[in-house]
Amino acid sequence: MSNPPYENSERVDLTGEAIHWDLGSSLSYGQYLQLEKVLDAQKPLSFEHDEMMFIIVHQASELWMRLMLHELEGVLECVRRDDLDPSFKHLTRISKVQSQLLSTWEVLSTMTPFDYSAFRNALGRSSGFQSFQYRMLEFLLGNKNAEMIEVHRRDPRVYGQLERALDAPSLYDEALRLLSRRGYGIPEEYLNRRFREPYRPSKQVAGAWLGVYHNAEKDWDLYELAECLVDLDYRFQLWRFHHMKTVERIIGYKAGTGGTGGVSYLAKALELKFFPELWQVRTSM
């Protein structure tokens, strides 16, 4: 007669493990992470199965963007004080975060047009176009467009933060200031410009970056910064492309819930580059 299946099942041997079964006054894992709040934040507005996935994917993306903003602030501080070595750890982490953001589209793309249409009307005018953190990322990296903050006017706190980000030098602005301090020829009007205005590429700035590449052995940290910025820009473009193709796959060429043209609007964004001269100099090398 064979033994019941459970008699042969494997268990982790806890012998000798000093597990704290009683936490006493200590914080628990759930309390530390405030999981009660986090896991109570998924509130589908319909009874459709896929809406839960749709909410979680977007909430997870916002959490990854929060970390990306945190790391970018670290990079900015390193660039301002001309201490680039620590920035490379932040930039490496950002690249890993971008990989996670990219993978979210793989999950979202499991939703069919029929699945989405079943609850899309419940969204009203809410849209990723209104993502405050995404707009902060773009402003911090240098894609300034004052018009974009109007959708946040009804939230004074968020609107104020975006206003300040518009007026502040971007990461690219700070990088150009660093190049100037290191002796590379950056035009004065690029060092003390009105930072809320869109950045316009410059032949002189391209020449300065070309000088960095030609002097890579002497200014290795500037060379490494340049390549890290290109990588960041490249991964951002991949994210935008996957966003566009996922939207095309699910809603075709319908308008977005936020009022944009949907795919047609996202296609325009593919033309944007945060660090244009770093792409231009590749042709000159």
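User: Welcome to this predicted model! Is S61 buried or exposed?

Analyst: The relative accessible area of S61 is 9%. Residues under 20% count as buried, so S61 is buried.

User: Which helix holds S61, and which residues does S61 touch, leaving out those up to four places away in sequence?

Analyst: S61 is found in helix α3, which covers residues 50-80. Setting aside residues up to four places away in sequence, S61 touches L101 and T104.

User: Let's move on to helix α6. How many of the ten residues of α6 are buried?

Analyst: Helix α6 spans residues 132-141 and is mostly covered. The buried residues are Q133, Y134, R135, M136, L137, E138, F139, L140 and L141. The count of buried residues in α6 is nine.

User: How are α11 and α13 oriented to each other?

Analyst: The axes of α11 (residues 220-251) and α13 (residues 276-284) come within 9 Å and cross at roughly 110°. Angles of 65 to 115 degrees count as roughly perpendicular. The two helices, α11 and α13, are therefore roughly perpendicular.

User: Which residues of α13 meet α11, and how many charged residues does the contact have?

Analyst: From α11 come A226, E227, L229, V230, D233 and Y234, and they meet L278, W279 and R282 in α13. By class, the contact has six nonpolar residues and no polar ones, and its charged residues number three.

Methods. Residues are numbered from 1 along each chain as its sequence is written. This is a predicted model: local features need pLDDT of at least 70, side-chain atom pairs count only at pLDDT 80 or more; totals for chains, interfaces and linings use all residues. Side-chain values use heavy atoms; hydrogens and water are left out. Axes are lines fitted to C-alpha atoms, for helices over the stretch in contact, and angles run from 0 to 180 degrees between N-to-C directions. Helices (H or I, at least four residues) and strands (E, at least two) are DSSP runs, numbered from the N terminus. Angles under 35 degrees count as roughly parallel, over 145 as roughly antiparallel, 65 to 115 as roughly perpendicular and the rest as oblique. Contact means heavy atoms within 4.5 Å. Ala, Val, Leu, Ile, Met, Phe, Trp, Tyr, Cys and Pro count as nonpolar, Asp, Glu, Lys and Arg as charged, and the others, Gly among them, as polar. Buried means under 20% relative accessible area, exposed over 50%, partly exposed in between (1.4 Å probe, protein chains only).
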